[in-house]
Amino acid sequence: MKITKHSWPILIVSKQFEMLNDEGLRLRALEEELEQVQECSVLTSQSYEDALEMFASRADLGVVVIDWDIQKEDVEEKMPPEELLDGIRRRNRTIPVVLLTERREIENIPTDVLGRIDDCIWKTADTIEFLAGRIEKLLVDYVYSVYPGFFGMLVEYSREYKYAWHTPGHMGGEGFLKSPAGVAMHKFFGENVFRSDLSISVPELGSLLDHSGVVGDAERNSARVFGADLTFYVLNGTSNVNQIIWRSQLIRDDIAFVDRNCHKSLNYAMVITEAYPVYMVPRRNKRGIIGPCRLSEFSAKTIRKKIQDNKLIPAELKKNAVKMSALTNSTYDGICYNVINIKKELKKSVENLHFDEAWYAYARFHPMYKDHYGMADDEVNTEHPPIFSSQSTHKLLMAFSQASMLHVKNGSHVSVNRDELNESYMMHGSTSPQYSMIASLDVATKMMDDSGEIIISDTILEAVHIRRKVARIAKEMRKAGEWFFDMWQPRKVIYNGKPCDFENVPAEYLAGNQQPWIFSPKDDWHGFEDMEENYAMLDPIKLTFTTPGLDEKGGMSEEGIPAAIVTNYLIRHRIVCEKTDYYSFLLLNSMGTTKAKQGALLSGLLKFKDLYDDNAPLELVLPELTRDNPCYRGVGLRDHCNAIHHHTREHNLLDKMQAAFQVIPDQAMKPADAYHAVVRKNVEYVELKDMRDRVPAVMTVPYPPGIPVMMGGEIMNKKAAPIFDYLMARQDFENTFPGYESDIHGVERIERDGKKYFTIMCVKKG
């Protein structure tokens, strides 16, 4: 492996660099020797406090050399060297730390300090060449160690400069250099991307499909780190992980117990496996935020009743065990279930538990999420079935897009056979895997193994800071008779035994304790009825901003600001939100979020407020909207917001949405049979107005909120009337406000007489 030592700077912390004495002379000579002879790079700091700031902001340091005597040389140095060492070791357990001291001081250095350093050098002993050589050796050993097994082997192989006579055809990037377009791509990505794009013909890197060699070692290491008995790397997203899990456990006519708030890939899994779905229904609050399913939904009695009441499942199958349950954890709005309590219920009636944790791969690495993730260590449930977790590692850990993991925890009495699971894996895996994606999963694992808790702690703390800041601004604005955005979060927190305003509770307490985020029936800020104790919590890093116009009880005020207008404005300021609802929008405070991003967000929201208060023309605020829709020219921002708000209120759009998502329509056929009608071309598009008693062949998924309002095979009968009414209201809204066409999966639009009409693919009659 070719090491570029210059890319991993050595940080030397000392006050002596400018001193005109022997120590200063030798220190400057050491710096020169490291840079000129050893080809390293050196950074310097003259105080412990500055050094700690530098260390916290840089993960590319290779060695830290600490002058232990700064406090004796400078009375203004307030931080003791032990505090700097503690800060370094909290963030990085393995980086080499070298103490620089006088020979006579060694006996005064505490034993625990000596146990946490890697070397000790004296200011006036040994040659400069010798000291620099020792530091360089520590640097090289450390840099080698930061490369996890698979990624290290990939780097080493790409540096051997072999002539390849196998796929891929660009042969390490050489093929791209044969045309200008290829050269442009080569220049953009850089040579390493192409040299590491290899073929399965490379035996040194093992086999992803066989889980052998260094790639198998990497998967086994990930299983250890993530608390699983078995882990597979999956390179085409958690959508595919879900398919692998279901294809390995279910066959035609098996019964599945499914969260209605599940990702569409799980709905497609029901199509592929030809299973009979029985649904658990999530709660919703008056803001339209999707909440947790009731704990009673998981009881054996409730599940059996749902199966018995299902008119589609043949009587002879109704006594069969439920093969699989699937629950979204955390939800899109950041609600996390106490998995320990759910396992206690479901173990009585379900053969396999599946937690779709696409947005939640970091949960194991911070005590904030104790007991609230699929691979959680469980001291309560000594008996449980096998547990599967699907995680989009790329979403909130550091991996390339589509890079995901499948985790398995064996049941107390039933173990998952790796070879049997691998048959399903190979059905969905490519024989030409992208090795850089595998490497990114390997690196994501090592990052979490090395310093996961400190990284997630920083992420949570930054999220808490912006939460408190928004709460403070909102309170200040209200006192001044003004408005501002708010956040969906606790209003009061018990701190030191008494309730305190959220924004006045220390950020360190909020970021380090689970209790403030646990939903309680006694403090119903969350808005969910009949909330069970110690059952669900809000993930602090999922930031749901609320806009004026809709209160926590569902009441709509005279004026309001639809969230879509705010997020469209933010996009113009290069701030892209994760999800937009009617009067709320979601942002993710991930590991890559910086203070600069937070400042830009708050600045954008304050600018929007000024524009709203001034009723600024839409040509200024949303120029693309007025360009594409001239009907908005000359309209002010406040007038535009209130026009949409009044329409939403007068047409009861939110009430219709709530009613629609509380209905589970009657099933005319399995989702698989509805899809078979598509394959057999036994389908036709039907206008929404003619949908009464028709059976959609595909799922209908409005965004927001992004979950199926109807599944393929369900019938638009009288029971489903609330769904019909909601879709008609959405159609009317889009015709009233052009430019606000929302994404509704399963709905196509036709245009007639200047208006747009929804059409849905339905199974033909007869």
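These notebook entries record what I looked up on salt bridges and cavities in a predicted model.

**Entry 1: salt bridges**

I began with the total, and the structure holds 45 salt bridges. I then took individual pairs in turn.

I looked up Arg-220 and found its salt bridge with Asp-217, where the closest N and O atoms are 2.8 Å apart. Both residues belong to helix 10 (residues 213-226); because they are three residues apart there, about one helical turn separates them. I checked the accessibility of each partner. Arg-220 is partly exposed at 46% relative accessibility, and Asp-217 is likewise partly exposed at 44%.

I next examined Asp-450, whose side chain meets that of Lys-446 in a salt bridge of 3.1 Å, N to O. This pair lies in helix 17 (residues 435-479), and its members are four residues apart, so about one helical turn lies between them. For Asp-450 I noted a relative accessible area of 27%, which makes the residue partly exposed.

Is Glu-734 buried or exposed? I found it buried, because its relative accessibility of 5% falls under the 20% cut-off. Arg-749, at 30%, is partly exposed.

I also noted one network in which salt bridges with shared partners join Lys-475, Lys-492, Asp-501 and Glu-503.

**Entry 2: the largest cavity**

The largest cavity contains about 90 Å³ of space. It is lined by 13 residues, of which Glu-23, Arg-26, Leu-27, Leu-100 and Lys-123 are the closest to its centre.

Which elements supply at least two residues each to this lining? I listed helix 1 (22-37), strand 5 (119-122) and helix 6 (128-146). Helix 1 gives the most, with four residues. By class, I recorded seven nonpolar, two polar and four charged residues in the lining of the largest cavity.

**Entry 3: the second largest cavity**

I found about 60 Å³ of space in the second largest cavity. I noted its lining as Arg-260, Val-281, Pro-282, Ala-660, Phe-661, Val-663, Ile-664, Ile-707, Pro-708 and Val-709. Nine residues of this lining are nonpolar, none is polar and one is charged.

Terms used. Residues numbered from 1 in each chain as written. Predicted model: local features only at pLDDT ≥ 70, side-chain atom pairs only at ≥ 80, totals over all residues. Heavy atoms only, no water. Salt bridge = Lys/Arg side-chain N within 4 Å of Asp/Glu carboxyl O. Buried < 20%, exposed > 50% of the residue type's maximum accessible area, 1.4 Å probe, protein only. 1 Å grid on protein atoms, 1.4 Å probe; cavity = no way out; pocket = protein on both sides within 12 Å on 5 of 7 lines; lining within 4 Å. Points joined across faces, edges and corners; volume = space filled by probe spheres on them. Nonpolar A, V, L, I, M, F, W, Y, C, P; charged D, E, K, R; others polar.
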